[in-house]
Amino acid sequence: MIIRRVRFDHPDAVKLNDEVQAEYHVRYGDGGDATSLDPADFDPPSGAYLIAYDAHDRPVATGGWRSQDLNGEGNQDGDAELKRMFVVAQMRGHGLARRILAELEADARAAGRTRMVLETGTEQPEAIALYTSSGYTPCTKFGYYRHHENSLCYAKPLGAPEGAK
């Protein structure tokens, strides 16, 4: 697997985003995630967007983070919000999401972010299992879906960048 940093509006990112939106629609019946995302949200140094490619250079997994600070939607200063974690169905179970998650956490930590936060839903048990097994714990709801019953929010302290004292 090769993991590359791309823009959120890269054609492969758009393709995988369309796939994850379709999956959200199947699971929730609501047309997909309505959270507003701008490609610039993921531009360094205030974010990152990654795609994993297989040996045939096909995009098979994705994920990104964007900076969030204290706002009216429940975020705190120093937050890095995880977005669009997704692995195509035929590549699930190979640790790709865990690899992307680790790279995103390291990148956000290096950018000075202090907490990784994410919103998922009750109909995504695989995501919940990934996050809880990776050290995420439930937190106060935030973001677009914070008032929805099916929304679940998690957070993980990122700590200091490697080598920092």
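Here are some friendly questions and answers about this predicted model.

Me: How are residues numbered, and what pLDDT do side-chain atom pairs need here?
Reply: Residues are numbered from 1 along each chain as its sequence is written, and side-chain values use heavy atoms, with hydrogens and water left out. As this is a predicted model, local features need pLDDT of at least 70, totals for chains, interfaces and linings use all residues, and side-chain atom pairs count only at pLDDT 80 or more.

Me: Which feature does UniProt place at residues 1-159?
Reply: The end C-alpha atoms of residues 1-159 lie 28 Å apart. The span is 26% helix and 29% strand, where helices (H or I, at least four residues) and strands (E, at least two) are DSSP runs numbered from the N terminus. UniProt positions follow the numbering used here, feature names are shortened, and annotations may be inferred rather than shown by experiment. The record, an unreviewed entry, gives these residues as "domain: N-acetyltransferase".

Me: Which element gives the most to the lining of the largest pocket?
Reply: A pocket is an open set of points on a 1 Å grid over the protein atoms alone, where a 1.4 Å probe fits, with protein on both sides within 12 Å along at least five of seven lines; lining residues have an atom within 4 Å of a point. The largest pocket holds about 860 Å³ of space, a volume being the space filled by probe spheres set on points joined across faces, edges and corners. Its lining has 36 residues, with Tyr-24, Met-85, Thr-120, Gln-124 and Ala-127 nearest the centre. Helix H1 (11-28), helix H2 (96-110), strand S5 (115-121) and helix H3 (125-133) are among the elements that each supply at least two lining residues, but the most, seven residues, comes from S4.

Me: Which residues do salt bridges that share partners join into one network with Glu-81?
Reply: Arg-66 and Glu-81 meet in a salt bridge of 2.9 Å. Arg-66 lies in strand S3 (residues 59-68) and Glu-81 in strand S4, so the pair ties together parts that are 15 residues apart in sequence. Glu-81, buried at 4%, also meets Lys-83 at 4.0 Å. Salt bridges that share partners join Glu-81 into one network with Asp-33, Asp-41, Arg-66, Lys-83 and Arg-84.

Me: What is the volume of the largest cavity?
Reply: A cavity is a set of grid points where the probe fits but cannot get out. Thr-35, Glu-81, Lys-83, Glu-119, Phe-142, Gly-143, Tyr-144 and Tyr-145 line the largest cavity. The count comes to one cavity of 30 Å³ or more, and the volume of the largest cavity is about 30 Å³.

Conventions: Salt bridge = Lys/Arg side-chain N within 4 Å of Asp/Glu carboxyl O. Buried < 20%, exposed > 50% of the residue type's maximum accessible area, 1.4 Å probe, protein only.
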